[in-house]
Structures are given as C-alpha cells and as structure tokens.
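Subject: Handing over a structure, with notes

Dear colleague,

I am passing this structure on to you, and my notes on what was found in it follow below. Please read them with the sequence and the coordinates open beside you.

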Amino acid sequence: MRRGYFLVWMSILGIVGLLWAVNLNAQPEDILLDDQSVFTSRSRPPVEFPHLRHFDDAGIECSECHHRFKDGENIVDEAELEEDGEGVKCASCHKHKPGFRFEPDLDPTQRTLQQAYHRMCTGCHRQVSKENETSGPVTCGECHPKKKEPK
Ligand code: HEC
Ligand code: HEC
Ligand code: HEC
Ligand code: HEC
C-alpha cells in the first residue's frame, strides 16, 4: 500500500474514533428499553424511549425519573447519572420476584420492574394529559408496537 493511502486511512480512523468518543459523553438520545436479564421471555416487544426529548424538549428534571432515596428524600444528583453508573439502571433496585402479586401497601422496591416502569411512564403520561398538555402514550400498543419490518 502506498504511503498516501495509509495516511488517508489513518486520518479517517482518527475522525471516526473522535466522533465515537464525543458520542460516548453525550446523554443517550433514544434508549431501547429491553431488559433481557429480567424479562427472559418477553410477551411484549421492547419499548422505544425518547430519553433526550423528555428532559430537553419537555423540560422534565432528571430527578423526576432517576432517584436515590435517603430518609425518604430523593437526593439523586445529575452528576452521578452516567452511563453504566451504579444507580442508573432501574433494575438495580427494582428487582423481579417470580410469582409476585401486586399489593397496594407494599414497599415500592418490592414491586416488579415491569410495575416500576408502568407506574412511572404511564403514570406521568396520564397525569400530564389530564392537565391537557401534550403527553406520551398510555395504551399498550403505543409503547409496545408490533414490529413492522424485521431488522
Ligand atoms: C408508557 C409506555 C408503556 C405503556 C403504555 C405500557 N407499557 Fe408495558 N412496559 C413498558 C416498559 C418501559 C417496560 C420495560 C421494558 C424493558 O425494560 O424491557 C414494560 C414492560 C412490560 C412487560 C414485561 C416485559 C414482557 O414483554 O414480558 C409486559 C408484559 C408489559 N409491559 C405489558 C404491557 C401491557 C399489557 C400494557 C397495556 C395495559 C402496557 N405494557 C403498557 C412501557 C409501557
Ligand atoms: C422521563 C424519565 C427520565 C428523565 C427525565 C431522565 N431520564 Fe435518564 N433514563 C431514564 C430511563 C427509564 C433510563 C433507562 C434505565 C435502565 O435502563 O434501567 C435512563 C437512562 C439514563 C442513563 C443511562 C443510559 C444508558 O444507555 O444506559 C443516563 C446516563 C441517564 N439516564 C442520565 C439522565 C440525566 C443526566 C437526566 C437529566 C438531564 C435524565 N437521565 C433524565 C429515564 C429518564
Ligand atoms: C438506587 C435504587 C433505585 C433506583 C436505581 C431506582 N429506584 Fe425507583 N424507587 C426506589 C425506592 C427506594 C423507592 C421508594 C421510595 C419511597 O420511599 O417512596 C422507589 C420508588 C419508585 C416508584 C414510585 C413508587 C411506587 O411504586 O409507587 C417508581 C414508579 C419507581 N421507583 C420507578 C423507577 C424507575 C422507572 C427507575 C429507573 C429509571 C427507578 N425507579 C430506579 C429505588 C430505586
Ligand atoms: C414525568 C413525566 C414523564 C415520565 C416519567 C415519562 N414520560 Fe414519556 N412523555 C412525557 C411528556 C410530557 C411527553 C410529551 C413530550 C412532547 O412531545 O413534548 C412524553 C412523550 C413520550 C413519548 C412520545 C414521543 C413522541 O414521539 O411522540 C414516548 C414514546 C414516551 N413518552 C415514552 C415514555 C416511557 C417509555 C417512559 C418510561 C420509561 C416515559 N415516557 C416516562 C412525560 C413523561
């Protein structure tokens, strides 16, 4: 290979690497919620979650969704919310208990991951649309859409 080509390839690799590094630092825009460690045999398709849109466009605080409680108070700090950070994954606290049945007065962390998500996502969407503001989906098929084309 001639030296000129080599240099061109090296600089392309450099640019790609740089873009990749920059992208790693940015907050993820859309997250596919597909927790295969908990939902080992899914009955519904995974959920496309426009993460960025919620806090950038809709202006929702990080702490409306992310939390770490101390003495009943949410003390989560934006700075601790990093990709692969300890308290970011909902499943790290909301664990799945097989055979679990819903009881209203139960410790919230004893609820299943599915319930934690449904309460948070659908709960807020219902609340917001009650206030006649633009809101998110509340029906099963809107969040768990049947696949149109195979990927
Ligand atoms: C606002 C969005 C939203 C709505 C509306 C919603 N879900 Fe979900 N659901 C989720 C999310 C998020 C998860 C967790 C997905 C993950 O991490 O894999 C989930 C998980 C589940 C799971 C466990 C995973 C699986 O596939 O077995 C089931 C079952 C489920 N939902 C059924 C329903 C049904 C039935 C309805 C309608 C009554 C519904 N969902 C409405 C967002 C939603
Ligand atoms: C509307 C709810 C909501 C808001 C607002 C929100 N997040 Fe999230 N965020 C989530 C959910 C749900 C996940 C997925 C958690 C999981 O995979 O268990 C997530 C994941 C993340 C992740 C991990 C990304 C990944 O791909 O693993 C980071 C980092 C993060 N959020 C930071 C933030 C920061 C910083 C803010 C505020 C500027 C914020 N989030 C606002 C709901 C929200
Ligand atoms: C560090 C542990 C931790 C993480 C991570 C976490 N939670 Fe929680 N969550 C809790 C605790 C503890 C409570 C109970 C708070 C209280 O005392 O009311 C709670 C409460 C909740 C509640 C309201 C209580 C209810 O069921 O009525 C919802 C909904 C919820 N979490 C969903 C989520 C979602 C969705 C995520 C991921 C974005 C998440 N949680 C991440 C620990 C955690
Ligand atoms: C604290 C309130 C709140 C929570 C929690 C929340 N959402 Fe939303 N969501 C909204 C609002 C408000 C909108 C409308 C945003 C807009 O279009 O301006 C929205 C919009 C959406 C949309 C529609 C985006 C579009 O393209 O029209 C989806 C999908 C969605 N949310 C999924 C989720 C899922 C999944 C979760 C749980 C992981 C979740 N949301 C949690 C408030 C919330």
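Helices and strands are taken here as DSSP runs, where a helix is a run of H or I of at least four residues and a strand is a run of E of at least two, and both are numbered from the N terminus. C143, for instance, is found in helix 5.

Two points on conventions come before the rest. Residues are numbered from 1 along each chain as its sequence is written, while chains are lettered from A and ligands numbered from 1 in the order in which they are written. The model is a predicted one, in which local features need pLDDT of at least 70 and side-chain atom pairs count only at pLDDT 80 or more, whereas totals for chains, interfaces and linings use all residues.

The chain as a whole

The chain holds 5 helices and 4 strands, and along the sequence these follow the pattern α-β-β-α-α-β-β-α-α. The average pLDDT (the predictor's confidence in each residue, from 0 to 100) is 82 for the chain, and 75% of the residues score at least 70. Among the elements, the lowest mean pLDDT, 64, belongs to helix 1 (residues 3-25), and the highest, 97, to strand 2.

For burial, a residue is called buried if 20 or more other C-beta atoms lie within 10 Å of its own, exposed if 12 or fewer do, and partly exposed in between, with C-beta atoms placed from the backbone. By that rule, buried residues make up 3% of the 151 residues in the chain. Two residues are in contact if their C-beta atoms, placed from the backbone, lie within 7 Å; of the contacts in the chain with a separation of 6 or more, 25% are between residues 24 or more positions apart.

The surroundings of two ligands

A residue is counted near a molecule if its C-beta atom, placed from the backbone, lies within 6 Å of it. Around ligand 4 there are 20 residues, the closest being F49, A58, C121, C124 and G136. The elements that give two or more residues to this shell are strand 2 (47-50), helix 2 (51-57), helix 3 (62-65) and helix 4 (113-130), and helix 4 gives the most, with 6 residues. In these classes, Ala, Val, Leu, Ile, Met, Phe, Trp, Tyr, Cys and Pro count as nonpolar, Asp, Glu, Lys and Arg as charged, and the others, Gly among them, as polar; the shell around ligand 4 then divides into 13 nonpolar, 5 polar and 2 charged residues.

Ligand 2 is likewise surrounded by 20 residues, of which H54, C62, C65, L81 and K89 are the closest. Helix 2 and helix 3 are the elements that give two or more residues to the shell around ligand 2, and the residues of that shell divide into 11 nonpolar, 4 polar and 5 charged.

Helix 4 and two positive phi angles

The expected span of a helix is 1.5 Å times one less than its number of residues, so the 18 residues of helix 4 should span 26 Å, and the 25 Å between its end C-alpha atoms agrees with this. Helix 4 is followed by N132, whose phi is positive, near 60°, although N132 is not a glycine. Most residues other than glycine have a negative phi. N132 lies in the loop between helix 4 and helix 5 and counts as exposed because it has 7 C-beta neighbours inside 10 Å.

D71 is also a residue other than glycine with a positive phi, of about 50°. D71 lies in the loop between strand 3 (69-70) and strand 4 (73-74), and it is exposed, since 5 other C-beta atoms lie within 10 Å.

Residues brought together across the sequence

To return to C143, this residue counts as buried because it has 21 C-beta neighbours inside 10 Å. Leaving aside its neighbours within four places in sequence, C143 is in contact with V47 and P137, and its C-alpha atom is separated by 7.1 Å from that of E48, 95 residues apart along the chain.

P145 lies in the segment after helix 5 (140-143) and counts as partly exposed, with 14 C-beta neighbours inside 10 Å. The C-alpha atoms of P145 and P46 are separated by 8.2 Å, although the two are 99 residues apart along the chain.

With best wishes
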